[in-house]
Amino acid sequence: MANMSNLEMAKAFNLSDFDNVAARDPFPTYRMLRENDPVHRNADGSYFLTRYDDVVQSFKHPAMSSDKKIAFKPRFGDGPLYTHHTTSLVFNDPPIHTRVRKLLAAAFTPRKLAELEPVVERVIDELLDKLEALGDFEIIEDYALALPTQVISDMLGVPEGQRHLLRGYSNLILGALDPVVSPEGLRAGEGAVLEFEEMLNELIAKRRENPDSSQIGEVLSALIFGEVDGERLSPVELVQNCIFLLNAGHETTANLIGNSIDMLLGAPDQLQRLRDDPELIHGAIEESLRYQSPLQIGNRKAMEDVVFGETTIPARSFIHCCIAAANRDPAQFYDPENVNIARNPNRQIAFGLGKHICMGNTLGRIEGRVAIGKFIQRFPNLKRNGDAQLSPRVRFRGFDKLPVSVT
Ligand code: HEM
């Protein structure tokens with residue numbers, strides 16, 4: 001590669017060879033592609049988009065499909081993973097998507113979110129008390145993952161004794177979406193769908209018998225009984241989208257929290273600025289979402305020819321929409337490689353855009369703001385304590401381990 005020009009390097013890029021090491025710091029590669037081959041064609045014929053305007057267009061264009069029924073068939077056959085993923089909101093197009101999204105919106109009304117905010121505050125305060133007593137700890141396991149697990153458990157009404165199971169389910173179900181999966185990985189993913197289904201079916205049966213016994217923040221009754229134009233979620237849609245809510249809101253939120261702490265530790269002037277002016281927490285979370293987007297790459301399939309800049313992407317092409325690269329495009333963001341928690345405007349697109357824009361974006365922002373705001377105020381002596389370890393996955397950006405000391 002030493003004598004290759006940037007253009008040649010960009011043309012030679014192949015997403016399926018983008019290895020675990022490169023994935024730990026993908027940003028120089030994204031920049032090289034954006035500058036030299038922004039509508040890049042991979043060896044398998046799929047396209048990789050890195051410019052802000054192109055990624056925005058890929059999310060908003062009416063000819064872009066998210067439906068995975070054909071793509072997932074050879075992978076998952078007729079098994080539980082196929083049922084799960086092809087029923088999940090995110091992998092459907094209108095009219096199914098439109099109807100199911102309206103019904104799921106019952107879980108994210110301003111009233112439900114207002115109920116959840118004190119739940120988030122309480123969970124954070126309890127976690128911080130525990131961490132303070134420890135002095136040295138690891139942020140991802142001890143803090144970042146614990147919050148979304150509690151919040152989603154509250155939303156679905158999962159009893160205390162079963163909450164510890166959810167993270168394993170989520171890992172096994174999402175793990176089966178990796179590009180290469182062993183037969184054991186597939187079986188484990190299928191087992192996780194079936195077990196989680198059973199748990200949810202029991203909870204749903206109890207709520208059907210006793211609709212008014214919901215706890216604060218719980219959304220299950222609203223999802224069971226909610227109607228739009230006289231229609232409810234079917235039993236399969238209900239269960240599979242409850243599973244999807246855990247998967248969609250779990251690792252992404254944990255990564256937002258871990259990535260935000262890492263970002264602030266890497267930019268001590270910005271951390272100090274936030275301590276001096278806690279109101280900047282809104283901007284700090286937006287900047288974290290921009291700078292190290294938890295979901296780095298989305299996907300679409302073009303259902304007709306679509307023009308991106310000077311390139312026409314032909315109908316039936318598979319497209320990788322690189323949110324992480326778009327969020328560092330200098331055509332949209334001033335000085336994009338540097339952290340500025342007061343950035344204004346900050347039109348980051350970490351939650352996607354258009355009809356599939358993240359339904360949990362307000363909740364995720366609340367969780368991020370409360371978790372980070374309270375954390376840095378509580379721990380003025382926060383510092384790193386050993387090597388952080390980034391997860392090797394290309395699609396999600398987050399840490400497996402982020403050890404710190406607060407004494
Ligand atoms: C905090 C970090 C989060 C990030 C960065 C994030 C990111 C995203 C992105 C990029 C999409 C769009 C995918 C696409 O267009 O293909 C999405 C969709 C979705 N997210 Fe999130 N998400 C987060 C948190 C959450 C939470 C907390 C929940 C719920 C508890 C949630 C629920 C959903 C749902 C239901 C969809 C599907 C929307 C649709 O297809 O219409 N997300 N998310």
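Guide: Asp229 lies in the loop between α13 (220-225) and α14. Helices (H or I, at least four residues) and strands (E, at least two) are DSSP runs, numbered from the N terminus. The model is predicted: local features need pLDDT of at least 70, side-chain atom pairs count only at pLDDT 80 or more, and totals for chains, interfaces and linings use all residues. Residues are numbered from 1 along each chain as its sequence is written, and side-chain values use heavy atoms, with hydrogens and water left out.

Visitor: Why is Asp229 called exposed?

Guide: Its relative accessibility is 72%. Exposed means over 50% relative accessible area, buried under 20%, and partly exposed in between (1.4 Å probe, protein chains only). Asp229 is above the exposed cut-off, so the label holds.

Visitor: What is the phi of Asp229?

Guide: Near 50 degrees, a positive value in a residue other than glycine. Arg316 also has a positive phi, about 75 degrees, and is not a glycine. Arg316 sits in the loop between β7 (311-313) and β8 (318-322). At 64% relative accessible area, Arg316 is exposed.

Visitor: Which peptide bond is cis at Pro95?

Guide: The one that joins Pro94 and Pro95, with omega about 5 degrees. Pro95 belongs to the loop between α6 (80-87) and α7. A cis bond also runs from Asn344 to Pro345, with omega near 5 degrees. Pro345 is in the loop between α17 and α18.

Visitor: How many residues surround the ligand?

Guide: 27, the closest being His97, Arg101, Arg300, His356 and Cys358. A residue qualifies if one of its heavy atoms lies within 4 Å of the molecule.

Visitor: What makes Cys358 a donor of the iron atom?

Guide: Donors are N, O and S atoms within 2.8 Å of the metal (3.2 Å for Na, K and Ca). The SG atom of Cys358 is at 2.3 Å from the iron atom of the ligand, and Cys358 is the only protein donor. Water is not among the atoms, so the site may look incomplete. Cys358 lies in the loop between α17 (323-326) and α18.

Visitor: Which residue places a polar side-chain atom 2.8 Å from an oxygen atom of the ligand?

Guide: Arg300 does. Arg101 has a polar side-chain atom at 2.7 Å from a ligand oxygen. For His356, a side-chain N or O atom is 2.6 Å from an oxygen atom of the ligand. Six residues come from α14, the largest share.

Visitor: What makes Gln292 and Arg397 a polar contact?

Guide: Their side chains are joined at 2.7 Å. The rule asks for a pair of N or O atoms within 3.5 Å; within protein, one must be able to donate a hydrogen and the other to accept it, and residues adjacent in sequence count only if both atoms are side-chain atoms. At 5% relative accessibility, Gln292 is buried. Its place is the loop between α16 (281-291) and β5 (297-302).

Visitor: How many aromatic pairs are there?

Guide: Rings of Phe, Tyr and Trp (its six-membered ring) pair if their centres lie within 6.5 Å; planes under 30 degrees apart are stacked, over 60 edge-to-face, the rest tilted. By this rule the count is 13. Phe13 is in the loop between α1 (6-12) and α2 (20-24), Phe48 in strand β2 (residues 47-49), 35 residues apart. Phe13 is buried at 8%, and Phe48 is buried at 0%.

Visitor: Why is the pair of Phe137 and Phe375 called edge-to-face?

Guide: The planes meet at 85 degrees and the centres are 6.2 Å apart, so the pair is edge-to-face. Phe137 lies in strand β4 (residues 136-138) and Phe375 in helix α18, so the pair ties together parts 238 residues apart in sequence. Both Phe137 and Phe375 are buried.

Visitor: What places Arg328 over the face of Tyr291?

Guide: Arg328 is at 4.1 Å from the ring centre of Tyr291. The rule needs NZ of Lys or CZ of Arg within 6 Å of the ring centre and within 35 degrees of the ring normal. Lys73 lies over the face of Tyr82, at 4.4 Å from the ring centre.
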